[in-house]
Amino acid sequence: MKSLAELQAIKDKMKDKVVLREGTNDIRVVVGMATCGIAAGARPVLNALVESVNELGLSNKVTVSQTGCIGICQFEPVVEVFEAGKEKVTYVKMTAEKAKQVAESHLQGGKVLTEYTLSEGEL
Amino acid sequence: MKELSLNILDVAENSVKAGAELTQIIIDETDEALVLKIIDNGCGMSEDVVRSVIDPFYTTRTTRKVGLGVPLLKLAAEQTGGSFSINSKSSAEYPIEHGTKVEARFCKNHIDFTPLGDVISSITTLIQGHPDTDFLFSHTLSGKVCAELDTREIRKALDGVPLCEYEVIKWIEEYLKEQYAENK
């Protein structure tokens, strides 16, 4: 049975890492988590991103956060990728599976998956 | 919403946005009914605003002119023959004790009852997105505790390590899963 005492071990393990990590994150991934996003399936998308970023060892480089309504509810779940010096990339109609692919191809490999992005004509 | 747990995630977000330091998510079930309470100590709302949040065409958001979170929860409860209420004390009128309490009662045996679904995932998602505010979660079945969690205790034990760290979120997920498995 898990106990709060186990958190002590996590704390000891994480303390140094957290200090090291601060300020190094240069890619910000944002998932729309308003009513529209949640209803369309944003929760598993967010969880898949959090999971993949950790599995791929990208936690030093990538932060995954949540935001409210992005304003394009018909395209939810929406994931935005912000990277310093680059244009924002907007992934639309995401699923957990697509999110994993984005983590591998884009966040790790630097290659944008254009088949999942929003093209100007669609807006 | 396909699962009640998604309504919980959605409506609890309102509490965080209202600046709540503590948001309580309480589920009390019996064989016939499920009562969900979301109680926060955020800035609260005036009577006029409370009346308007159950209106789908009211929202504080500026991107669009509709807010469906509260109306969807109300509908989900009422379509089972249950009930819905929202009470609030605004910080302007009640400087010391303010906040909002949402209560939804569902009749579980009604054909239109939406299953609770993955409530653990909603709790971890809330904590991941809002590591600096506290959540208290409690789920009982016929008075017996199925699962409970207080992030204030976790925060104390972690001593400065953010609650949104992957290892912490995973621990919370496992912690809740174990409780549900043991108290089945």
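In what order do the elements of chain A run from the N terminus on? They run α-β-α-α-β-β-β-α, and the rest of this report builds on that outline for both chains.

## Getting oriented

Welcome to a predicted model, in which local features need pLDDT of at least 70 and side-chain atom pairs count only at pLDDT 80 or more, while totals for chains, interfaces and linings use all residues. Residues are numbered from 1 along each chain as its sequence is written, and chains are lettered from A and ligands numbered from 1 in the order in which they are written.

## Chain A at a glance

Chain A holds four helices and four strands. Helices (H or I, at least four residues) and strands (E, at least two) are DSSP runs, numbered from the N terminus. Of the 123 residues in chain A, 35% are buried. A residue counts as buried if 20 or more other C-beta atoms lie within 10 Å of its own, as exposed if 12 or fewer do, and as partly exposed in between, with C-beta atoms placed from the backbone.

Contacts tell us about the fold too. Two residues are in contact if their C-beta atoms, placed from the backbone, lie within 7 Å. Among the contacts in chain A with a separation of 6 or more, 65% join residues 24 or more positions apart.

## The sheet of chain A

The four strands of an open sheet in chain A come in the order E2-E1-E3-E4, with mixed pairing. Here, two strands pair if DSSP finds at least two bridges between them. E2 and strand E4 (89–91) of chain A stand at the edges with a single partner strand each, so one side of each has no neighbour in the sheet. On average, neighbouring strands of this sheet are turned by 20° against each other, direction ignored.

Strand E3 (residues 79–83) of chain A pairs with E4(A) in the antiparallel sense over three bridges, and Glu80(A) stands opposite Thr90(A) in E4(A). Helix H4 (residues 96–108) of chain A lies across strand E1 (27–32), E2, E3 and E4 of chain A, and runs at about 15° to E3(A). For such angles, axes are lines fitted to C-alpha atoms, for helices over the stretch in contact, and the values run from 0 to 180 degrees between N-to-C directions.

## The sheet of chain B

In chain B, an open sheet of six strands has the order E3-E4-E2-E1-E5-E6, again with mixed pairing. Its edge strands are strand E3 (83–89) and strand E6 (144–150) of chain B, each of which pairs on one side only. Neighbouring strands of this sheet are turned by 5° against each other on average, direction ignored. Helix H3 (residues 69–78) of chain B lies across E3 and strand E4 (99–107) of chain B, running at about 145° to E3(B).

Strand E1 (residues 22–29) of chain B has two partners to look at. With strand E5 (residues 134–141) of chain B, E1(B) pairs in the parallel sense over eight bridges; with strand E2 (residues 33–40) of chain B, the pairing of E1(B) is antiparallel, over seven bridges. E1(B) and E2(B) form a hairpin with three residues between them. Ile25(B) stands opposite Phe137(B) in E5(B), and in E2(B) the bridge partner of Ile25(B) is Ile38(B).

## An enclosed helix in chain B

Helix H1 (residues 4–17) of chain B has 14 residues and reaches 20 Å from its first C-alpha to its last, close to the 20 Å expected at 1.5 Å a residue. That expected span is 1.5 Å times one less than the number of residues. Because 12 of the 14 residues of H1(B) are buried, this helix is largely enclosed by the rest of the structure. Leu4(B), Leu6(B) and Ile8(B) are among them. Just after H1(B), Gly19(B) takes a positive phi of about 80°.

## The core and the contact between chains

A nonpolar core is a set of buried Ala, Val, Leu, Ile, Met, Phe, Trp, Tyr and Cys residues joined through C-beta atoms within 7 Å. In the largest one, of 73 residues, Val45(A), Leu49(A), Val79(A) and Ile123(B) touch the most other members. Helix H3 (residues 42–55) of chain A gives the largest share of this core, seven residues.

The contact between the chains takes 26 residues from chain A and 30 residues from chain B. H1(A) supplies the largest share of the side of chain A that touches chain B, eight residues.
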